[in-house]
Amino acid sequence: MNSPILHSLFENIVLDPSIARPVYLQLADILLDFIKKGTLRSGQQLPSTRDLAGLLQINRITVGKAYEELQMQGWLESFVGRGTFISAHLVDHEPETLTGNRHRPAMKKAGFSIPFQNYPDKATDIFIPELHLDDGYPDPSLAPLKELYRAYRNQLTRGGLYHRFGSYNDPAGPQYYRETLSEYLNATRGLKTTAQNILSVRGTLMGINLVCTALIRPGDVVVSGIPGWKRADHNFLHAGAHLIGIPVDEHGIVVDALKEICRTQKVRMVYVTPHHHYPTTVSLRIDRRLELLRLANEYGFIIFEDDYDFDFHYKHRPLLPLASADENGMVMYCGSFSKSFSPAFRMGYLVGAENVIEHLAQVRILLDRQGDHMLDNAMATILQDGTLQRYTRKAIAIYEERRNLFCDLLTNELSDAVTFTVPEGGMTVWTTFADSINLESLAQKALRKGLLLSDGKTHQYSDYSTNSIRLGFASASKDELTRSVAILKKIL
């Protein structure tokens, strides 16, 4: 190594054999950093593997592997009898002053612009204390997790591995799952489907996003209720739709308000959660259901029916979905198994006319070549043998007991501070607090006491304000519900 400058440069290289990254890759990273900063320039010769190994006190093979790594990537070129050089094809940059730390920090900002949209806050891994009155999540201890695991394991161990694992499959979902789900939906929800009417998706949000991508164009009018589910609304806005909100009262969305919009504007889609409106939990009354379907047929708009917790109804049998009375293919029906297991399981489905499902499947390929066919088939197994249905019946009885206890506690302990209507179904109580109570402050004080609840911000709109939050009861035991209300009483 004839150059004293190069000698000084290389002798200051520090390698750490105690970390997980192999030494030869550490060396390759440092050399690449020299090249990118212009410290090593195009056409410049590197020390021989013997010389550099001696200087760094490492194995010559290690240096050779580092050189080979950079050579494969095109940064170096080697010539028999001449040595190893920085590639002559690289464009030289002015050298940068080296600092003590040659490793770049993680990238924080892109060099290009990002279009701004006011998306809702992303979910984060926040600390969840033992006590929680959440947004309406199920109790995973009541889910058939062992049975699902067993069914999934069976999918992995059965024969015909290439047939099942060796290539891609139908983006709409596996035939076994779609056939089983079709039979299940026809029997439990009064739908009239075949497997060709079913598309497997990774939860309701994917279903909404897929419909927006495939069926909504910039400027299309989409109507939804206020208050509503903002994650759905932001999907519509992301698609470039013109979003119009209509009121929600104790009987669901006010369909007469929709009728007035239809008379003056071309509506492309109406988003509804008719079984238990999110967030208020009220059910869409039968006359409004029929009028909504009539308007869809008259004005030609899509009804996106988000039936996120159909099974969990306590007062009487669940009302059948709008899709069960749809005669003209106007309804896109979307459901999820997240309420039967937990939000961690991303299993859902879209139901629609065959040509729509075929179109959505083609669009889905652009985003997600296909879903988890193994998980879909495992779910089909526990649907077909009745496991999920048995566990659901058990969970409904337990959730109803928890609802009754929780509502009694709210009435007996917090009557001066809250008002509510006992929900006929679902997993939350839509609870309105006295105007004097600041929900953000309440949530902060509760968390300090070990109780997690919403601060209500997600239910606020520029032209609509409520001092209400969803208090979930399903995921907590009776003892936890009692202790949670005791904390609220103490704070209030």
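**Cysteines, cores and a helix pair**

Counting pairs of cysteine sulfur atoms within 2.5 Å as disulfides, the tally comes to zero. C212 is a case in point: this residue is in no disulfide, and the nearest cysteine sulfur, that of C334, sits 11 Å away. C212 has a relative accessible area of 4%, while C334 comes in at 0%.

A word on the model: it is predicted, so local features need pLDDT of at least 70 and side-chain atom pairs count only at pLDDT 80 or more, whereas totals for chains, interfaces and linings use all residues. Residues are numbered from 1 along each chain as its sequence is written, and side-chain values use heavy atoms, with hydrogens and water left out.

Next come the nonpolar cores, meaning sets of buried Ala, Val, Leu, Ile, Met, Phe, Trp, Tyr and Cys residues joined through side-chain atoms within 4.5 Å. The largest one has 48 residues, and L292, F301 and F337 touch the most other members. Helix α13 (residues 373–384) supplies the largest share of this core, six residues; helices here are DSSP runs of H or I, at least four residues, numbered from the N terminus. Apart from this core lies another, of 34 residues, including A395, C407, F433 and L488. As for F301, its contacts (heavy atoms within 4.5 Å) beyond neighbours within four places in sequence are L258, C262, V267, R268, M269, V270, L292, L295, A296 and M330.

T62 belongs to helix α4 (residues 60–72). T62 is buried too, at 18% relative accessible area, and, neighbours within four places in sequence aside, is in contact with V23 and Y24.

Finally, helix α14 (residues 387–414) and helix α16 (residues 478–491) have axes that come within 10 Å and cross at roughly 20°. Axes are lines fitted to C-alpha atoms over the stretch in contact, with angles from 0 to 180 degrees between N-to-C directions. That makes α14 and α16 roughly parallel, a label for angles under 35 degrees. The crossing of α14 past α16 is right-handed, that is, the near helix is turned clockwise from the far one by less than a right angle. On the α14 side, E401, R402, L405, F406, L409, E413 and L414 meet K478, L481, T482, V485, L488 and K489 of α16.

Terms used: Buried means under 20% relative accessible area, exposed over 50%, partly exposed in between (1.4 Å probe, protein chains only). Helices (H or I, at least four residues) and strands (E, at least two) are DSSP runs, numbered from the N terminus. Angles under 35 degrees count as roughly parallel, over 145 as roughly antiparallel, 65 to 115 as roughly perpendicular and the rest as oblique.
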